[in-house]
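I opened the file and kept notes as I went. The entries follow in the order I looked things up.

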Amino acid sequence: MVLGESSGFSEIVERAEEMSVLTRALANTECGEGRVVLVNSGPGVGRTTLLNEFLRQAADSGARVGAATGSSAETGMELGVAAQLFPSDGPLAAGLRLARAIGDGGGDGVLPPDADRLFEELCGEFRHGPVVLAVDDVQLADAASLRVLLYLVRRLRTAPVLIVLTEPTGPDAMSPAFQAELLRHPRCRRLRLQPLSPDGVTRMIAPYVDAADTARVAAEFHAVSGGNPLLLRGLVVDHRAARRADRQGQGAAVQPVGSAAFAHAALAWAYRDKPVLFDVACGFAVLGRNATPALVACLVDRGADAVARVMTALDTAGLLDGTAFRSALVSKALLEHVDVEVRAGLHRRAAWLLHGDGVPAVDVAHHLLAAPVAEPWAGRTLIAAAEQAVRDGQEEFSLDCLRLAGQYATTEEDRAAVVMARVRIGWEIDPRLVSPWLDELGTALERGHVDSADAAWIVKHLAWQDRFPEAAQSLSVLAGRAGDEPGAQAELHLVRQWLRHTCPALDPDADPAASTAQATAPQPRRLSPASYAVEMLGRVLAEGPGDHAVAMAEEILRGCRFGETAVEALEAALLVLVYAEHPERALFWCEALLREAGDRPTGTQVAILSGIRAEAALRQGALQAAEQYAGRALEAISLHGWGVAIGSPLAALVRAATASGRTWEAGAWLNQDVPEGVFRTRHGLLYMHARGHYHLAVDRPAAALEDFLTCGALAKEWGMDMPAFLPWRTSAAQAHLALGNGGQARTLVREQLARPGGSTPRSRGVSLRLLAATSEIACRPALLRESVNLLESCGDRLELLRSLADLSDVQHRTGAPAKARMTARHARTVADTCGGDALFRRLFKEEASEGDDEPVPLAGDHHGSASLTAAERRVTALAALGHSNREIGRKLFITKSTVEQHLTRVYRKLGVRNRADLGDLLAGTNLAAQAQAMGRASSVAAG
């Protein structure tokens, strides 16, 4: 496509100053003063457009115009440009005779004898009015025409003519000798055109873009084009094509940038007559941000001077940002029009050059993917690039590198290295990608083609994927190496520590006492954040929380970075904080790490961190946050990718939904298929514990007790019977209470209080609440007040709500209704902050606050009376049973005066005078049934 006035772009923008210079120069010729103006610019900046507009205006003003255009096809044509300037049938025909005379004189500088006579004849024509002689792309003019132009320039004092010449900046500029001759003349002026400013871009595209989108589109177009008018025209044409397609119902499939017109515009300036511009521009396009003049010169086999001149041209055209094209779209448009084999050769050569210069592996890998290089270093480079790319969030590029690296592997060791890399990187993206390669890795491990560090990874991945027999076999191989290979002992220790708190059933022969002793004694082994963190977590699960473990965990986290630190280290350190009763610190570090992840919503690290956030939020009683975080964890990777660890996020979802009163939703989560191996892991303990609480909520205490006791038996067997991690005893005590086994509940509670970690505020607060439930009523207030204080101090609002409900009930029973109401109001506030409204209503027997004023019609009311609010219905129901105002206030946690106000409104709405009339009026309505139900509940409470 030819982009110009035919495309609707007749207006030139931000060229008023240059046009003024040309106009003044033309006006000076009327005073007999000749002028020369040399216009140059980078490719596509618009020198031809400026020249054409000036010539049009000059002709309109009455000037006689002679115009010519240089071309490489006519460079060897004698006087080709001169013949265009002075046509034989035009008013300046004397100029052609002069040109022929000068041309016949040859290039030796000797003028023919009649040259002066012919020049005087031409000057006679010049005196008839202003004359403009213009040559576009003068650098392509033939030698004879250039001699004619110089002849005229030297006589400008007596030749009232304006000579306007244009040339490009860069390697295609006119010869230095010709430039020197021109610029030596005192009446010669150079004009250098610059790309358009952001404001100029806005003005240029405004007629062709919707007014509401002009500012946004202008900013995008300037970023892509750098203000280069030629590229802008292409962008506008493509934008208009997209708008037309959208109006015709074809959607927005046609993009405003990177389409046909833009690509043609990119080629229009790059594919010049001389190949050096195109070749060097392609070199910059291939190397991108790694381009330097020296590298480009080596890549395209051009001289450094030629590359420097092209860089100058591209820079003045607004196309470069440093040493790279401002927009990748320009590079793409150029390289798409290079022969496939030539382009592949450029990429192969670029890979060699960049690898030799030690640039990052990711940059080299881009060229290897475009054109593979059969060299040993290529495979290693691709693996390194894949590992870096996945940390940068470029997952597809990472997998592409690994696929190509597999083609370079020629030995079993190389193949094992590539497969191990696929496993490491697949794990970071989604563990489901690991499964297809585990069998091959197991074989490589048995044959000795995998080092100790990778062998430890294999054990973890097999265990994660519920392949415990193969994991045990791999662990055995790693243990067999411990005495022979340096580092194997350290890796064996690390993986056993990880198994100890994740899948303890997998390594039953490991001695926890020996592991603890090894963790505390100085060992000449490799240290890492992961080794410290897993040891601290194992110690907390076995011995209970301690200040030292918390300090160590925070120290480890301060040195961690998202995407750089092993996820095992992050998980273990964060869980130390969670199980050491510092969930608020765990949340702080989770959020700090996830902020480093930016907008990345997926990946194993994101999934695991989100799962820990859910568990920590649950321990603070933040139900909505726990559900939100657990949901993000399940969305970050596939359900299959979670493997046996799926138990943890599901447990958080079940606990949160159960506490929120949505037991049907909790049941749906429990109906999700989970791997059988879940129940042989720490995650399975959390899952069964959550399931037990679901059974309690749906009135299945026997099933709940079975789950809690199973959790307890496994926790004891695995050496992680720690209340701050899994308070199974108090949970089982709740089940026993529901079954009427108060003595057994009391025994379990006292056992938990005596356990290591049983005295932490959260554990002790829950234990005291249940201990109160098994104690004489006179002992309960003190136990419950201490429980409330402890739970307030640790921030667990959910357990605090339960203790407040029990305390309010005891205060009612012990004759302190005012205190009971205050406690109930406190509970209402706590419920509002943690999303526990449903739990509040259940704990307080659905007797909500007095402020519920939504009108509720009376079904079966044949009197046509006004509707009552929910609060008025409750008061009416109890009044109909004969309760006094004081009794109603105590039951509903409202004041006596509030009861009186409700009854006054009820009498008015129902048209009755006293309580005696309520019974007859309410007979046969649903409020009568409610009154009877409340009466039964009141009797049970009194008993």
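What percentage of the 943 residues in the chain is buried? I got 55%. Buried is under 20% relative accessible area, exposed is over 50%, and partly exposed is in between, with a 1.4 Å probe and protein chains only.

**Ground rules.** This is a predicted model, so I note the limits: local features need pLDDT of at least 70, side-chain atom pairs count only at pLDDT 80 or more, and totals for chains, interfaces and linings use all residues. Residues are numbered from 1 along each chain as its sequence is written, and side-chain values use heavy atoms, with hydrogens and water left out.

**Whole chain.** I listed the secondary structure and found 48 helices and nine strands. Both are DSSP runs numbered from the N terminus: helices are H or I with at least four residues, strands are E with at least two. Next I took the contacts (heavy atoms within 4.5 Å). Of those between residues at least 6 apart in sequence, 67% join residues at least 24 apart.

I walked through the pairings. Two strands pair if DSSP finds at least two bridges between them.

I began with S1, residues 35-41. Seven of its seven residues are buried, so the rest of the structure largely encloses S1. Arg 35, Val 37, Val 39 and Ser 41 point one way, while Val 36, Leu 38 and Asn 40 point the other. S1 runs parallel to S4 over seven bridges. Asn 40 has Glu 167 as its bridge partner in S4. S1 also runs parallel to S5 (residues 188-192), with five bridges. There, Val 37 stands opposite Arg 189.

Then I moved to S3. Six of its six residues are buried. One side carries Val 131, Leu 133 and Val 135, the other Val 132, Ala 134 and Asp 136, and both faces are covered. Five bridges tie S3 to S4 (residues 161-168) in parallel. Ala 134 faces Val 164 across that pairing.

Which strand runs parallel to S3 (residues 131-136) through six bridges? That is S2. Ala 67 has Ala 134 as its bridge partner in S3, and Thr 69 stands opposite Asp 136.

**Positive phi.** Most residues other than glycine have a negative phi. I looked for exceptions and noted two Asp residues. Asp 137 has phi near 55 degrees. Asp 137 sits in the loop between S3 and helix H6 (143-153). Is Asp 137 buried or exposed? Asp 137 counts as buried because its relative accessibility is 12%.

Asp 301 has phi near 60 degrees. Its loop runs between helix H13 (293-300) and helix H14 (304-316). At 66% relative accessibility, Asp 301 counts as exposed.

**Helix H33.** I checked the length of H33, residues 647-659. The expected span is 1.5 Å times one less than the number of residues. For 13 residues that should be 18 Å, and the end C-alpha atoms are 18 Å apart, which agrees. In H33, 13 of 13 residues are buried. Just after H33, Gly 661 takes a positive phi of about 85 degrees.

I picked Thr 658 within H33. Thr 658 counts as buried because its relative accessibility is 6%. Which residues is Thr 658 in contact with, leaving aside neighbours within four places in sequence? I found Ala 666, His 693, Tyr 694, Ala 697 and Arg 842.

**Glu 581.** Glu 581 lies in the loop between helix H28 (567-579) and helix H29 (583-597). Glu 581 is buried yet has no salt bridge. My cut-off there is a side-chain nitrogen of Lys or Arg within 4 Å of a carboxyl oxygen of Asp or Glu. How far away is the nearest side chain of opposite charge? That side chain is Arg 619, at 4.6 Å. For charge, Lys and Arg count as positive, Asp and Glu as negative, and His and the chain ends are not counted.

I then looked for a polar contact: a pair of N or O atoms within 3.5 Å; within protein, one must be able to donate a hydrogen and the other to accept it, and residues adjacent in sequence count only if both atoms are side-chain atoms. The side chains of Glu 581 and Thr 760 make one at 3.0 Å. Not counting residues up to four places away in sequence, Glu 581 touches Ala 724, Thr 760, Arg 762 and Ser 763.
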